[in-house]
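Please open the model in your viewer and keep the sequence beside it, so that each stop on this tour can be selected in turn.

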Amino acid sequence: QVQLLESGGGSVQAGESLRLSCRTSETVFGITVMGWYRQVPGKQRELVASIARDSRATYADSVKNRFFIARDNTKNIVWLQMNSLAPEDTAVYYCNAWGGSGRNEFEYWGQGTQVTVSP
């Protein structure tokens, strides 16, 4: 089955940057939106950023002007550039993709990649 393959997580100090990437394990047609979510223990998973096929992007208020999302529609790759990282950004980050229509709608999730920011 199709998988979302994530990379780029790690441990950094506050103020540093990381770049996450995500790609599909095989060719997938009809992806409408790709994005990144994050989750910390005891809290619900929340949207960090998403980007539609036309490149329109949405960001959580907490990351706006610090994080930037981009995608390659042909290769189904999505990147999340995270700048000025702070301890509150520490979480497991999950890649997400959905698309299709009618009875052929689909959604995929990555396994998650840990991002840890020390003060």
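Predicted model: local features only at pLDDT ≥ 70, side-chain atom pairs only at ≥ 80, totals over all residues.

Begin with the aromatic rings, where a search of the whole structure finds two aromatic pairs. Select Phe106 and Tyr108, which form a tilted pair with 5.2 Å from centre to centre and 35° between the planes. Is each of these residues buried or partly exposed? Phe106 has a relative accessible area of 18% and is buried, whereas Tyr108, with a relative accessible area of 21%, is partly exposed; the two get these labels because buried means under 20%.

Next, select Arg45 together with Tyr94 and Trp109. The charged end of Arg45 sits over the ring of Tyr94, at 3.7 Å from the centre of that ring, and the charged end of Arg45 also sits over the ring of Trp109, here 4.8 Å from the ring centre.

Now turn to the backbone, and recall that most residues other than glycine have a negative phi. Select Ser55 in the loop between strand E5 (46–52) and strand E6 (57–59), where its phi is positive, near 80°. Ser55 is partly exposed, with a relative accessible area of 49%.

Finally, move to the loop between strand E7 (67–72) and strand E8 (77–82) and select Asn76. The phi of Asn76 is also a positive value, near 55°, and this residue counts as buried, at 4% relative accessibility.

Definitions and conventions: Residues numbered from 1 in each chain as written. Heavy atoms only, no water. Phe/Tyr/Trp six-rings, centres within 6.5 Å; stacked < 30°, edge-to-face > 60°. Buried < 20%, exposed > 50% of the residue type's maximum accessible area, 1.4 Å probe, protein only. Lys NZ or Arg CZ within 6 Å of the ring centre and 35° of its normal. Helix = DSSP H or I, 4+ residues; strand = E, 2+ residues; numbered from the N terminus.
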